[in-house]
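Here are a few quick notes from my pass through the model. Have it open beside you as you read.

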Amino acid sequence: MRFYCYIHKYNVQMHQSSFCKHRVYKSNVVNQNILHNVGLNFPISAVTQLRLCSSNGKKDSTSEKSPSSTSTESRTRQDLKRAGSSSPSPPTLEQIQVKVKAILKKREYGSTYTQNNFITAMRAMNEFCLKPSDLEKLRKIRRRSPHDDTEAFTVHLRSDVEAKALDVHGSLEALARAKKQRKEEEIAYRENLFRNQKLMKEYKEFLGTTMPKSTKTTPFLQGPGKVVMVAICINGLNFIFKLLAWVYTGSASMFSEAIHSLADTCNQALLAVGVIQSSRTPDPGHPYGFTNMRSIASLISGVGIFMMGAGLSWYHGISGLLHPHHIESLMWAYFILAGSLVSEGATLLVAINELRKSARAKGITFYQYVVHSHDPTTNVVLLEDAAAVLGVLLAASCMGLTSLTGNPYYDSIGSLGVGALLGTISSFLIYTNTEALIGRSIQPENVQRLTEILENDPSVRAVHDVKATDMGMNTVRFKAEVDFDGRIVTRSYLEKQDIDVILNEIQQVKSPEDLEIFMLKHGENIIDTLGAEVDRLEKALKQKYPDVRHVDLEIL
C-alpha cells in the first residue's frame, strides 16, 4: 500500500540575517519515525503536524491524536499567537506531499543455489547414479541446444533430480557409496576393455580378420600424407645408394649426403606419425582435437635435422680437414649423385605442387603459405628436398674440385657446406613450428573482416578483445567480447510475441508480487533470445569463413 504524509507548516517571521532555532513538537511516536525516515528539516521555527492518509484518502488509525498530543498542540497554538502578534499578516498553510516507495525485498540465494539449474539426462544418470526409468516422471523442459547439429534438446531441473536421487538411494551417504561403487566399476571396465582389445588383436593375428575393409580414405593417399610417403620412399633409396658410394670411395662429402638422406628418411617417418595423429577425432581429454600434432612432429624433425644431419656433417668435415686422406675413384659417386638429384628433384616438385594448390585455395601467395607454415608437414618435405638438391650440387662441385686438383680439403669443405645448409633449414623449421605451437594469430586483414561481420550486425554495439588463433590444419579459433544492444534484443523478442497478450498481462499487474512474476517470465525469455542471437552470429562467422571452427563470444 502506498502512503502519503501531509505536513502542515505555519510560517513564522524570521530575522533577515539568521534563522531561529528549529523546534519541532512531535505529536506521537509515529510522527517522529516518519519524519526521521523522510528526512525533512525545516530551517525555521515551526510547529509540525503529521497526518497519515492511505491511497484512498482515508485517515490512518495510527495517526489519531492522544490527549497528551492535544494539550501539546494547544500550548503550541498559544505560543504561535504570541509569536505572531507582531506579524503583519496571518500564518499561511503549506502542504508537502512525500511518496514512500514500495521496494521488493532482496533475496539471499547463497553460493549453492540450484533451484532453477538445468541438467541433461546423461549427467543426471552419471552424477546421481540413476536409471532412465527414474527420469521418466520428472518434469521435462525443451531448451535451445548448444550444438550445431540439433536445434533443441530436453533437460531436467536439477532440484527435481536431486530429490529423485534422495528418494531412490535413501540418504546422501547411500548416494556417495553408489558413486564410489560406480567409479570402481568404470575402472574395472576400462581394465577389462584393454585386456579384451589385446586378446582380440592376438586373435586376429592368429586367425586373420573377417571384418570388411573400411571405405574411409587413408591420410596417405592425398594431400600432405601423399607427399610424405613419396619422400620416405625416395630418401630411403637414396640413403642406401649414398652409403654404398661412401663405403667405396671414402668421400667426406658423400658421407654427409648419406647422413643427410638418413636424417630426411627418419624425419619424414616422424612426419607420417604426426599426420596420423592429427587425423584423430577430438575426445573429452582433447576437446579441440589433435591438429597441433603436425607442428609437434615438424618441430622434432627440425631438431633431428640439426642434431643428426648438420652435426654429423660438421663433425666429418672437420675430421677431414684435420686428418686428410686419399680418396678413391669418384666415378660411381657421380652416378649416384646424379640419380639422387633426379629423385630429390621429383620429390621437390611434388611438394611445390601441393603447396601451390593449398595456397591458391586459401587465397594467398606461395611465399606467404610457406613462411607462415600453414602446412608444417609439407613445409618440412619442401625444405628438406630443397636442401637435398642444393646439397647434391654442392657435394658434386667439391668432389669435382678434389678430382681435378687432388686436394682432399675441397671435399671436407663440401661436407661443412652441407652441414651449414642443414643447420639453416633446421633453424627455420624450429622457429616456424615453435611460433605455431605458441599460438599464432591469423592475418590482420582476416581478423578485421571477422570483426566487421559482428560490428555490422544491428544487435551489436561494440566488439572488444578480438583474438583469432590458427590451430593448424585449416582450423581457426575465434574469440571476442561483444556488447549487445539490449533494445534491439528486446525488440527481436517482442516481434515474436502477441502484443495483445502482453498488454493484458500488464493490466493484471496489481501488486509487487504480480510484477515479479511478469518480469521473471519475460526476463528469462529475453535471455533465451540473447542466446539465440549469439548462436546466429557464430553461425554467420562459420559460414563466411569455413576455417573458423571454434567461436567463443563473451557477452559484456
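**Notes on the predicted model**

1. Bear in mind that this is a predicted model. Searching the whole structure turns up three cavities of 30 Å³ or more.

2. Next, the sheet. Three strands form an open sheet in the order β4-β6-β5, and the pairing is antiparallel. The edge positions go to β4 (118-120) and β5 (141-144); each has a single partner strand, so one side of each has no neighbour in the sheet. From one strand to the next, the twist averages 60°.

3. A closer look at one pair: β5 and β6 (residues 152-157) run antiparallel and are joined over four bridges. Arg143 has Phe153 in β6 as its bridge partner.

4. Two helices are worth checking against that sheet. Helix α3 (residues 121-128) packs on it and touches β4 and β6, with its direction at about 85° to that of β4. Helix α16 (residues 512-544) also packs on the sheet, where it touches β4 and β5, and its direction makes about 40° with that of β5.

5. Lastly, is Thr265 buried or exposed? Thr265 sits in helix α7 (residues 252-278). It counts as buried because its relative accessibility is 17%, below the 20% cut-off. Beyond its neighbours within four places in sequence, Thr265 contacts Ile232, Asn235 and Gly236.

Definitions and conventions. Residues are numbered from 1 along each chain as its sequence is written. This is a predicted model: local features need pLDDT of at least 70, side-chain atom pairs count only at pLDDT 80 or more; totals for chains, interfaces and linings use all residues. Side-chain values use heavy atoms; hydrogens and water are left out. On a 1 Å grid over the protein atoms alone, a cavity is a set of points where a 1.4 Å probe fits but cannot get out, and a pocket is an open set with protein on both sides within 12 Å along at least five of seven lines; lining residues have an atom within 4 Å of a point. Grid points are joined across faces, edges and corners, and a volume is the space filled by probe spheres set on the points. Buried means under 20% relative accessible area, exposed over 50%, partly exposed in between (1.4 Å probe, protein chains only). Contact means heavy atoms within 4.5 Å. Two strands pair if DSSP finds at least two bridges between them. Axes are lines fitted to C-alpha atoms, for helices over the stretch in contact, and angles run from 0 to 180 degrees between N-to-C directions.
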